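Colleague: I'd like to learn how to read a sheet and a core in a model like this one. Could you walk me through it?

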Amino acid sequence: MRVAILAPVGRPTSPEERGGRRDTISLLAEELPAYGVEVSLFPAPDFRPCPESNGDGPHPGVLQWLRLGEFLEGAHAFDLIHNWAGVPPFGYAAFVKRPIVTTIHEPCSKGDLAVYRKYGKRSFYVSNCDTERLTDIHYEATVYPGIDLKTFTLGITPGDYLFVSGLASEGKGIRDAVEPALRADKKLVIEGPIESTAFLEADMQRRLRDGRIEYVENLTPDRRDMLLAGAEALLYAEVCPGEFPLIALEANALGTPVIGPGRGVLGEIVIDGVNGFLVSRIAEAGEAVKALGAISRADCRKVAEERFSGHRMALEYIKVYQGILETCQAEECRPWGYYEVLSDHPDHKVKRIVVYPGKRLSLQRHSRRFEHWTVINGSPVVTLDDDDVTLGPGESIEIPQGARHRIFNPGEELVVFVEVQTGDYFGEDDIERFEDDFGRVTKCR
């Protein structure tokens, strides 16, 4: 199976750029080959965003999407396109003759939702959780993100503090974490950028000075992991509804329990009393903090390993891919290439057929139709009963009713030809296969 994965343009997919940490998309691209899936990732790990234009050339965003267009010109080389880049790739959907799987993994605007609905017959959708699914969208499956577990080490002995991470600003959840920490007489370590100076009002400044609250920012991944692994618990403050809380998975991988609101996606991650506690709202988490002694840090790690590993994510996506390919291969998508119907009437049918390099159709015959083939591109070898004929662009051949025939692409470029069918029936079941490279030897009805 050959899969092209489209990551959002401009997002680093290289572990070197991410401080050694792989994001969900690059982790999936790394895990799939272990199960026999050939992967091409766009942008590639060594991709560098286009520099800002000085006014003499195209805007860098335009250049980046031109690069995506160039990449998708080769979509025929893949069995399936896995889109993580949101709505922009749908601008190319009409030209991509391969199945498209779209994972909707980020908050969605009304405009995005309109696009997803419009292309619902062109793309197969996957959600990263059940509770954040969009309305009026058909989903093939839910596949939870995975994390690179080998980059997280189980911590056994926690310190005497709680940890909270996110955008530090008034009214966005972080302040709510202060109350349960103070009630439980615990120090609170806050990590994240400050969006509003209101967050550092006089009361907060006093608590910072007396050491009951510690604020840190610009942490490296290693430093953040050390603080997270040493915390008694992660207080999850939902600062951006719709985003999947990967930090909750990372906390569990480090052995740290998670406390947060049971509504939303956290309720799909936390098993109450096993790898954390679910509360109605984070400001009411005081009792849960006091009960942390009942949580096993080894159990937290076990939940991360069983439910949120990169291996599990890859296997679940492979299952999705296989189901979609089986559906598509019943129609226009074939293991040797693909076709599109240009005209379909009671007295004739016209197809544009593309054959991949090195591939050939089955040796077959039809009992109810004649065919006329005209080559557009490439130099195929056509077998007609006992003869082999090599054709070039512009050349044609007649396929009589009842004659055994097949077409083979021996070259390195696509073979493209137009097939005109005439007769009294044009269904795909009017095929008697004698030989087939893909195990599809069948008899016509």
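Colleague: How many bridges join strand 7 to strand 8?

Modeller: First, the ground rules: this is a predicted model, where local features need pLDDT of at least 70 and side-chain atom pairs count only at pLDDT 80 or more, while totals for chains, interfaces and linings use all residues. Residues are numbered from 1 along each chain as its sequence is written, and side-chain values use heavy atoms, with hydrogens and water left out. In general, strands of a sheet pair through backbone hydrogen bonds, either parallel or antiparallel. Two strands count as paired if DSSP finds at least two bridges between them; strands (E, at least two residues) and helices (H or I, at least four) are DSSP runs numbered from the N terminus. Here, five bridges join strand 7 to strand 8, and the two run parallel.

Colleague: In what order do the six strands of the open sheet stand?

Modeller: The order is 9-8-7-10-11-12, with parallel pairing. Strand 9 (213-216) and strand 12 (276-279) each have a single partner strand, so one side of each lacks a neighbour in the sheet. On average, neighbouring strands are turned by 25 degrees against each other, direction ignored; axes are lines fitted to C-alpha atoms, for helices over the stretch in contact, and angles run from 0 to 180 degrees between N-to-C directions.

Colleague: How many residues of strand 8 are buried?

Modeller: Buried means under 20% relative accessible area, exposed over 50%, and partly exposed in between (1.4 Å probe, protein chains only). Four of the five residues in strand 8 are buried.

Colleague: Which residues touch the most other members of the largest nonpolar core?

Modeller: A nonpolar core is a set of buried Ala, Val, Leu, Ile, Met, Phe, Trp, Tyr and Cys residues joined through side-chain atoms within 4.5 Å. Among the 30 residues of this one, they are Phe163, Leu228, Leu234, Phe244, Val258 and Ile269. Helix 7 gives the most to this core, with five residues.

Colleague: What is Phe244 in contact with?

Modeller: Contact means heavy atoms within 4.5 Å. Leaving aside neighbours within four places in sequence, the partners of Phe244 include Tyr144, Leu249 and Ile269.
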